[in-house]
Amino acid sequence: MLRKLISAAATLFAVSVLVFGAFALIPGDPALKKLGTQATQESLARMREQMGLNAPLPVRYARWAVHFINGDPGTSYSYDIPVRTLLGDKLPVTLALVLFSFVLLIVISIPLGIRHAKYEGRLFDRVFLVLGQIVMAIPPFFLGILLTWFFGIVLRVFTPGGYVSYRQDPAGFLAYLFFPALAIALPRVAMTVKLLRAEVLKEATKDYVRTAYSRGNSTMSVLYRHVLKNAFLPVLTFLAMNLTDMVAGSVVIEQVFGIPGIGRFLLVSILGRDHPVVEAIIMGLAAFIIGVNLLTDLCYRLIDPRIGGES
Amino acid sequence: MRGRRALGRALLPMIVMSYLAAALGGCAGGKTADTSSRITIGIPQDLDSLDPHYMTAAGTKEVLFNVFEGLVKPDQSGDLVPAVAESIDVSEDAALYSFTLRDGVKFHDGTNVTAQDVRYSILRAKEAGVNSALEAVADVTIPDEKHIGVALSAPDSDFLCNLTCAVIPEHNADPATNPVGTGPYKYVSRSPQENVVLTRFDDYWGTPANIRDITLKIEANADAIVMDLEGGSVDMFARVTSAQKKQLSDRFRVYDGTMNLVQALYLNNAYEPFSDVRVRRALSLLTDKQGVMDFVSDGAGTPLASSIYPAFTKYFTEELNDLYPLDVGQAKALLKEAGYDEAHPLTFSIAVASNYQQHVDTAQVLAEQYAKGGVQVTIEPVEWNTWLSEVYTNRNYQATVVGVDASTLSASALLSRFRSDAGNNFINYSNPAYDEAYAAAEAAVDDAEKTAAYKQCERILAEDAANVYIQDLPCFVALNSDYDGYVFYPLYVQDFALLKKADRN
């Protein structure tokens, strides 16, 4: 476990250096961006000094890193607001979106996957396999546009772009997140169902299943109580991979549905050369992905005690 | 509304969902909100600053026009009219501008505007260094509580336009997060990348605004604008494209105007081929402006031949458009003279900011038009900040398509940059005749003389084909027909105070 933590820290360090380096390479002057094309040379020079842009790259990196480790990611260039306040306000939005889609993913795909396995080769199975194949082929952003058009414009179930802040109206906020979350979840539902179906079918031929039946269990109870436990391990890895993937997917979906979350901020801040914000978001994302991977490891051990012990 | 609450329970399987949706569709579809005193206006990007002396984006200035005012401000025809000041007196030599302050002008926090506040504001804006023109302010004097004098280091009869600079209270400790002005709307709150909320200022000195509450909603995704308008989450958007205009239903009225900018293929005159006037002229002869307008915005737009757009009625010379009619034969002859033919074709690249679709489209049309004259063009899309630093500041490019706007309606706003020593002369234009004409315009105190000299500058740029001038782009403003009263200004200004609920009887 210790080794895993060290490698996690090393990864974070590498990520931070990469992001810092990338910003040094791409053209674009944050001071010019802030003061505009009519600015005087003196004020530009003053702004660069104030932003600390005149120092050599390693010095700038060291300065940033020291602050960051001490819990101060700096102040946003574009908003003159501390990054913590800025992102602290937006983090719940993206977290809610990702968790919502993850819940949708699990709630829809597990029953559906098992049902598929149960009705293998029958009409239900075939129809949904084809449907799933289609959904998988649609990129989430396009699915988002389709959902907006159909439910927003044609059926008018929700107001496209009618996002409300979670501070203003938590229920309305969650309601608005339903379709974006669905757009993120659906393609993954299709994949999860396919995987779960295959795993369940593989397990179903094993001896313990026959034993379970012989003890008088119903099909459903065998599938949920016995088969699912064994079939779930590969699916769990897949779901964990998906969780990290969904965070990435939320960047795009936030754009499509006009949700002002972390993803929107990442895009805007890169375009606006707002280094402190970009650094903070990327570090956060990296930490999240590493964290999820560590957690997945832990979950393995919980589900199957035979795993672990070494490390 | 009820449709939403049903969704709040969520987590129902898809099929049930769509059934519910169909059942509740009717209720949710009806207009529920009272629109009499509130409007949601979509803006394409978040405000770059709330501090009026530090804001630089045209998109920020045009909406905060409603919150901040200077001693003077532009009216609907672009003329400067007194705002915080009541009257203006310019000294004979145009080096001292004296103002009498208007009685009873209040800041949004309820305090009265004092001469001290005005002095503080002008000096603070100068110190900020965002508008370099304010460098000319030598001193701001307060002869008495009702008067203020702005002394310039050198005479300048065009300086008044810079005194639109916002008047803010000296006692406000944090203008960046708590903006206080004197305009018809006051700031309420902001959520970055989400919205900015304004409300009517009831103690406004002038004609009060009609609509009480305004939400400026940031529409970061250009593809969602039509859906947001149709869905009802946005009532107005000031920059729809001609394609979006066609998609809008009749619940929207689209106002046609112009963007008030000079769109051109700006040529880096220091790049060797473009230092030859024959090459520049050949490109102008190869350009079919109508063809560009047809492709980019279905024929809308106003052709231009120099760095003056039609809102500058005093200077705009339409005849210049006849200088370079489409003539491929003559263009080829000129290019041959300059040493370019089929064996040695002229090749160059156009850098274009990829976030401006109109400019990207224009560059593509130009590339095809130039191919007919044997000119090979490559298009190099760059992201906006790269464009700013590489093209605009470092002048490291060959040609670029962009629109140049004016912050004021004085000709100098568009023409000063082409002086050979101008710091913002991003095309590296250098022509002694132009410098001379411009100096004459600057020195002239007599208005007719000044106008004539500026017109001479305009003509030189056209004849010398300094750039390949194309058009003043059309601007389409979509407004939900529940409202009306939208008015175009000849500058980057959105006057929300004039918007009102439409009469339905």
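Reply: Two residues are in contact if their C-beta atoms, placed from the backbone, lie within 7 Å. Keep in mind that this is a predicted model. By that cut-off, 47 residues of chain B are in contact with 47 residues of chain A.

Let's stay on the chain B side. The elements that give two or more residues to this side of chain B are four helices: α1 (2-9), α2 (14-29), α5 (225-231) and α11 (384-393) of chain B. The most comes from α11(B), which gives eight residues to the side that touches chain A. By residue type, that side of chain B divides into 19 nonpolar, 19 polar and nine charged residues.

Chain B has 14 helices and 21 strands, and its C-alpha atoms fill a box of roughly 75 × 75 × 40 Å along the principal axes. Its radius of gyration is 25 Å, which agrees with the value near 23 Å for a compact globule because that is what 505 residues would give. Buried residues make up 48% of chain B. Of the contacts in chain B with a separation of 6 or more, 68% join residues 24 or more positions apart.

The domain assignment of chain B gives three domains: domain 1 (1-27 + 68-176), domain 2 (33-50 + 183-258 + 475-505) and domain 3 (262-472). Domains 1 and 2 of chain B also touch each other, with twelve residues of domain 1 in contact with twelve residues of domain 2. On the domain 1 side, these residues divide into four nonpolar, five polar and three charged.

Now for the partner. Chain A averages a pLDDT of 85, and 98% of its residues score at least 70. Among the elements of chain A, helix α5 (residues 83-118) has the highest mean pLDDT, 90, while helix α2 (residues 30-35) has the lowest, 81.

Helix α7 (residues 140-154) of chain A has 15 residues and reaches 20 Å from its first C-alpha to its last, close to the expected 21 Å. Its buried residues are A:P140, A:L143, A:G144, A:I145, A:L147, A:T148, A:F151 and A:G152. In general, an α-helix has 3.6 residues a turn, so residues three or four places apart point the same way. After α7(A) comes A:R156, whose phi is positive, near 55°.

Key:
Residues numbered from 1 in each chain as written. Chains lettered and ligands numbered in written order. Predicted model: local features only at pLDDT ≥ 70, side-chain atom pairs only at ≥ 80, totals over all residues. Expected span 1.5 Å × (residues − 1). Buried ≥ 20, exposed ≤ 12 C-beta atoms within 10 Å, placed from the backbone. Rg over C-alpha atoms; globule rule 2.2 N^0.38 Å. pLDDT = per-residue confidence, 0-100. Domains from an automatic or database assignment. Nonpolar A, V, L, I, M, F, W, Y, C, P; charged D, E, K, R; others polar.
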